Amino acid sequence: MAATTRVGVVYPGKGRMTLDGGQNSKFPRANILDNETPDCLNVVFSNGAVETRGGSTALNTTSVGTFVVDALYTRHDSDGSETMIVFAGDSCYALTGTSTFPSLPSAQSVFTAGVRVAAAEYLDYIFFGNGNANPHKYDGSVFSRYGVPEPATAPTATCTATGVLSGAYQYKVTYVNSGLAESDVSTASTLLTVAAGSVLLSDISVAPTSFAVAARNIYRTEAGGTTFKRLATISNNTATTYVDNIADVSLGVAAPSDNGVPPKFDCIVYHKSRIFCNDIAQPGWLWFSEIAEPEKFPTINFVRVGDATGDIIRGLSVYNDSVLVFCDNSIWLVYMPSADPDDWSVIRIKGQYGCRSPFGLAFYNNKVIFPAVQNDKFVGFAAVGGDSVAPTATLLTAGTAGSDLVSARIDNDMEDVQEAYIRNISSMVYKQKIWIAVTHGTGATTNNRIYVLDFSTSNLSKSQEEVWVPFTGMAPSQFTIYDGKIYFGSATATGLVHRADTSTYNDNGTAINSYYWTKEFGGFGEHYRYQKDFREARFLIDNAGDWFMDLAYRLDSDSDSAGYSQQIDLNPGSSLWGTMVWGTSTWGGGSAQRDCKVSLGSARGERIQFKFSNQNIAGQYFKVHNLEYKYNIRGER
């Protein structure tokens, strides 16, 4: 039979098309893969199906104030408990119960409102810094200074009664905080000569409350010596005097010589029993703590990265046995084959990008995704794998086109991400997806859109390793995972934290505008240039509830039309819970899914495109598992 007389052609022929390829707005809608979409919003993909995303709801219905959430983290205790922590305004708040955020004592006016706060966890502590204030930490009960500064003044030493001391002596003091971290020593007291006497120490420094000091150590020289050894411990932060009548032979260990504090930082990461952070005062220095001593930063514990002027450190991430250092125009890998810093190597990643988004980094599939900057311009999202940007080329659909950007399929969307706010990009891995919040669209000044990168194995067609989809209706400044669920702090001045991915199918009562356009289908290759009568579409759908979804179609790249639309009833065919009337209503659970056949009337053209929608109504969702359509061939145009 001649091709021009073919009738009842079913595409794709064997089986049906899945709809799980994600968005591809880079190429014309007719040139992308069958399972991809040129335009979708607020949908997710699962086992070949496309469906409306879950909703969001406010966690704290009582706001912490008219503030943007500057940071949102979850602290994990060794006993398995969790604490959600919010920075908003100039204060820090910790979740109590299920919806209340009282402020933490000593955590007011520490960090500046409107400045993002970086954090890392280690040894039951979570450490914080925003670059323009002294870093702090939280142990689940006390919010205090991170690192122990040395006492500002030396003690005063005077001779008192008869005793065992004879010779010339000097004294120094250190602070010891509640985590047993010890400061460097103070300056030395004035040299005091004693003859068979004892010494009264007075004016012993008392630490500020914010230091959380629990004790102070006193160090003394032996008679005529220069080495300071531990004399005694004052087990409080109140006493200011001490009487020394201890013989030289009873002195203890030598005083610390280099227990430095962490610098002011705005990016930080934990790796291999150390804390790594940048230094606002020395932009090209990467500092690291001593092993298992996260508050001790000796003056020699740093490596130089970047050029400290036009290519400074902006973000940190862990990759296998290494720390990745993201600078303005380059990326570096600090390779650590052993715990000895002398064995470490600093390697520049093979790639053409830098990064200026410290909160936009995420680890997945043995890669680290990052917001990429090239020639001072944000260009999309790339990923580091090994010692290079990976993949070296992402094969797209049209011809031999390739890209080393993970976001190549949504390049057009990336052009609308606002350059001035890329530092605020935030990412979080959740259920094999990366949620990435960006500031999108002309005039936007806060994060107002989420791009979800799905790297799960539920893509039945296996055509793409990673698929993208945009979400709107939520404004996240930062994400966290708490109790196994994803939450975000508001990027607008509401002082609210929201739970996302709920089963409500609305955003705090507001409708989710959820839709999915298929690619534009032209039938089998040999039929592509022929005029067709499109007869019907068949698809497997979930009978989601007592509402309708919309099915629309349009022909031949019609860009101005919303298409021809009809409603599909999603009622499962049984009584909904609480509405059953005995003897009248349908008994049973109804049908969870239905194979739906829709007539396309007099649809005539070379190509056809379908759209599924939840009608932009709160509480409604759709789920479409697969699709096929039927056409007759009329003739070549």
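Two or more lining residues come from each of strands S6 (69-76), S10 (118-122), S20 (268-271), S24 (313-319), S28 (362-364), S34 (426-430) and S38 (476-482), strands being DSSP runs of E with at least two residues, numbered from the N terminus. The space in this largest pocket is about 880 Å³, a volume being the space filled by probe spheres set on the grid points, which are joined across faces, edges and corners. Its lining divides into 21 nonpolar, seven polar and two charged residues, where Ala, Val, Leu, Ile, Met, Phe, Trp, Tyr, Cys and Pro count as nonpolar, Asp, Glu, Lys and Arg as charged, and the others, Gly among them, as polar.

The model is predicted, so that local features need pLDDT of at least 70 and side-chain atom pairs count only at pLDDT 80 or more, whereas totals for chains, interfaces and linings use all residues. Residues are numbered from 1 along each chain as its sequence is written, and side-chain values use heavy atoms, with hydrogens and water left out.

The second largest pocket holds about 300 Å³ of space, and among its 16 lining residues Val44, Gly54, Lys431, Lys433 and Asp501 are the closest to its centre. Strands S3 (43-46), S4 (49-52), S35 (433-438) and S40 (497-502) each give two or more residues to this lining, and the largest share, three residues, comes from S3. By class, the lining of this second pocket has six nonpolar, five polar and five charged residues.

Strand S6 also belongs to an open sheet of four strands in the order S6-S7-S8-S9, with antiparallel pairing, two strands being paired if DSSP finds at least two bridges between them. S6 and S9 (103-108) are the edge strands, each pairing on one side only. Between S8 (91-94) and S9 there are two bridges, and Ser91 has Gln108 as its bridge partner in S9.

The largest nonpolar core has 52 residues, with Trp435, Phe539 and Phe610 making the most contacts inside it; such a core is a set of buried Ala, Val, Leu, Ile, Met, Phe, Trp, Tyr and Cys residues joined through side-chain atoms within 4.5 Å, buried meaning under 20% relative accessible area with a 1.4 Å probe and protein chains only. Apart from it lies another core of 31 residues, including Cys92, Leu104, Phe111 and Phe143.

Conventions:
1 Å grid on protein atoms, 1.4 Å probe; cavity = no way out; pocket = protein on both sides within 12 Å on 5 of 7 lines; lining within 4 Å. Buried < 20%, exposed > 50% of the residue type's maximum accessible area, 1.4 Å probe, protein only.
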